[in-house]
Each structure stands twice: as C-alpha cells, then as structure tokens.
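Subject: Structure for you to look at

Hello,

Here is the structure I promised to hand over. Please open it beside this email and follow along.

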Amino acid sequence: MQLFKRIHLIVMDSVGIGEAPDAEKFGDVGADTLGHIAEALDGLHVPNLESLGLGNIREMKGIQKVSKPKAYFGKMQEASAGKDTMTGHWEIMGLRVDKPFKVYPNGFPEELIRQLEKETGRKVIGNKPASGTAIIEELGKEHMETGAIIVYTSADPVLQIAAHEEVIPLEELYKICEIARKLTLEPAYLVGRVIARPFVGTPGNFTRTANRHDYAIKPFGRTTMNELKDHGFDVIALGKISDIYNGEGVTEAIRTKNNMDGIDKLVETIKRDFHGLSFINLVDFDALYGHRRDPIGYGKALEDFDGRLPEVLDLLRDDDLLIITADHGNDPTFKGTDHTREYVPLLVYSKKLKEAGNLGLRETFSDIAATIAENFNIPAPAYGTSFLSSLK
C-alpha cells in the first residue's frame, strides 16, 4: 500500500550546508554555502524553511533551531566521485558515479575545437573558463561582427555555446550544440553536458534569454525515474530536470525561465491530478549567484524562495509528500567559481505525518530514490536506504 500518492521533489541547486568529510580531496576545506551566506547577510531570514527544521540540521546566523519542526530533517553526504549537477542528480535517483566527468580549466583541446569548426562551418572564439555573462560582454561584439560562436566552459564538466539570437537563429544554435554533443561523447573528452546559451541585445547591454537548452549524456544505468515510468506512474520534470537525465524516465517535461517561474510551474503541477513524482531544479541559486560569487544575491534568492513556500505547502494534499534538498554546494564566498563538496540539507514534509524528527546523516543522496521506490512499490535502486518507515 502506498503511503503517498504523489511525491514532490525540490532540488535547490547548489544549496550546500557545510563541507563534506572528503572536502580536502576536492580543494574545498572550509566551504559552507548556507553558513557563509547567512554571515554575509548578517542573518538569513527564511522563517518557513526554519519552521520545517532547517536550523535543526545546523544552526546558522538568523536560522534558529525550533522546538517543534514541521518536517523531518537531516543532511546527506554525496557518495559519488564528483560535485557537478549531473553527478548529484543521478545519485539522487539511485546511481553512483565512480568515474568523474572531465573538466577543462584551460579550455578544450585544439583538436576538438577544429572538429567543431569544420562540422559547423563557423569559427570558434573564447574557448576558456568564464562566467556566461562576462564572456558575452567580452566577445559579443566580435561574435556579432564575424558570426563566430562563443565557446566557453566552467568548473563544471560542460561545454557552453553562446550566440546572439539575431546572428545565429535558435534552430541553428541547437544544431551546433547537437554536433558538439556528438563530438564530446568520445571517451577522450567525456563532457557531461553541452549547453546552448542564446542572448540578445547590443554591445554593453546583452541579456541571456530563457531559450537555454542542455544536451546531457544518457544516464549509464536505470534510475528510479525509469522504474516509475515503466510501472505506469507519472514523472513530471520541471526546469532542467529532463535535460539532466536526457529525457530518461520522464513522462512530461515543463520548461521554466527562472526560480520564480519554476515555483509558478510547480504550483500549477500540484493543482493537477497525477499519480507519481514531480521533480524540479531551481537553478538560479547556482547559475546566477554561486558561480558568480554573489552571496548577497544568493541570500536574497533564498529569501524569495522561502517567501513562496507557504503557497506550496498550503496546496499539498494529505497524501502528498514534499522533499527539499540540494545536489552539491557552491559557496559564493569561496575561492574560484567552482562547485564545493558539501553536505546537502534534507527536509521531508507531509500534512498526514503526525510527528517530525531527525533523519540523521544519510550516507548517499540515493536514500531519496530508495524512499520513492519503496513508496510506489517499484524495484529499489542498487544504492540507498529508504527512510519511508521513519516517517510517522
């Protein structure tokens, strides 16, 4: 018998809650995304997350421990050998990534760039690690004058291609990214995602549009999403979730423009009648503030999300379960622009639960997949321990 008819899973992209035990291996000793944001703001004001038990996981400036949290709370440690978006999400759905994707701190190999130029018929400019907004300001004018594509990367295993929508139409940009995806599937490159980054505007006033598209590698194994779909359940993917799993195990994909649009789409989804999983990634925390090392903007985005939580909680049905977590850290006060190896928070709420308590330290993100699998009576993932029986 299913305890819950629907499970809603929110991933707050990059909202880590303190360095993981193996942070030293990743150069991340001292990283603390939530803690350092709270300090930068002289107190983070997130009363709704606080009421669920965020401060019970660990007290932070402005976020207190409450005597009667509304949710079960805990934190999770990543078991996989990486700290990127795909690795974190794939582990959340029951996979363990033992071979990390490659990163390119000095840009991509010349051979790959030459192949890309040959197959697309366009020159490449950039080819270095960069902030997406910074590189279009630097190279946007040259791109508009020459038609060359702007290629860049980050500390993630991603190859990003930026182009002005009036210079290279979206359809062509997407085809270029498909070519890059094919080329980077070679074992020598092992790039996790290729991302189309269209923009508009004029030099000095460029703006990225919502027409981003991610081209990911297909997960190397079956996930809990595959099991849900194959057993007739709904798997509604919001935001970049479908892209992260390359459409695997998804019954419906809904695109979002930003965090607030994501919450709007989640609210619309909760109001619908479905049976299974809704799964959303709120990317702004990571893309707009973590990588750009903007703790104030990050904190404001967290407070804005917190302000929308009552709307979500009020709409939940008695047989709904809400899980809030993250996929890695991205401390905006830390060195560089990379993700950070951290624990992630875990908050689990339902109106039907009579109690709340500490779920403790979960040794893998896959405990979420195991819990979803047990609830819907589908095959369990190879990794993870369900906490369903702990929910009273």
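Predicted model: local features only at pLDDT ≥ 70, side-chain atom pairs only at ≥ 80, totals over all residues.

**The annotated site**

Start with the UniProt record. Its entry is unreviewed, and its "binding site" annotation covers Asp286, His291 and His339. These residues span 54 residues in sequence, yet no two of their C-alpha atoms are more than 8.5 Å apart, so they gather at one spot. Two of them, Asp286 and His291, are in the lining of the second largest pocket.

Now take His291. Look for this residue in the loop between α11 and α12. Is His291 buried or exposed? Its relative accessible area is 16%. Buried means under 20%, so His291 counts as buried. Leaving aside neighbours within four places in sequence, His291 is in contact with Asp156, Asp286, Asn330, Thr337 and His339. Zoom in on Thr337. Its backbone oxygen lies 2.7 Å from a polar atom of the His291 side chain.

Next comes His339. This residue sits in the loop between β12 (320-325) and β13. His339 is buried too, with a relative accessible area of 1%. Which residues does His339 contact, leaving aside its neighbours within four places in sequence? Among them are Asp28, Lys83, Asp84 and Thr85. The list also includes Asp156, Asp286 and His291. Lys83 deserves a look. Its backbone oxygen lies 2.8 Å from a polar atom of the His339 side chain.

**Two residues with positive phi**

Go back to the loop between α11 (284-290) and α12 (295-315), where you will find Arg293. Arg293 is not a glycine, but its phi is positive, at about 55°. Arg293 is buried, with a relative accessible area of 17%.

Leu190 is another non-glycine residue with a positive phi, here about 45°. Find Leu190 in the loop between α7 (170-183) and β6 (193-202).

**Strand β2**

Last, turn to β2, residues 72-76. This strand is mostly covered: four of its five residues are buried. What does β2 pair with in the antiparallel sense? Its partner there is β13 (residues 344-349), over five bridges. β2 also pairs with β14 (residues 358-362), in the parallel sense, over four bridges.

In β13, its bridge partner is Val344. In β14, Met76 stands opposite Arg362.

Best wishes

Notes:
Residues numbered from 1 in each chain as written. Heavy atoms only, no water. Buried < 20%, exposed > 50% of the residue type's maximum accessible area, 1.4 Å probe, protein only. Pairing = 2+ DSSP bridges. UniProt positions renumbered as here; feature names shortened; annotations may be inferred. 1 Å grid on protein atoms, 1.4 Å probe; cavity = no way out; pocket = protein on both sides within 12 Å on 5 of 7 lines; lining within 4 Å. Contact = heavy atoms within 4.5 Å. Polar contact = N/O pair within 3.5 Å; in protein donor to acceptor, adjacent residues only side chain to side chain.
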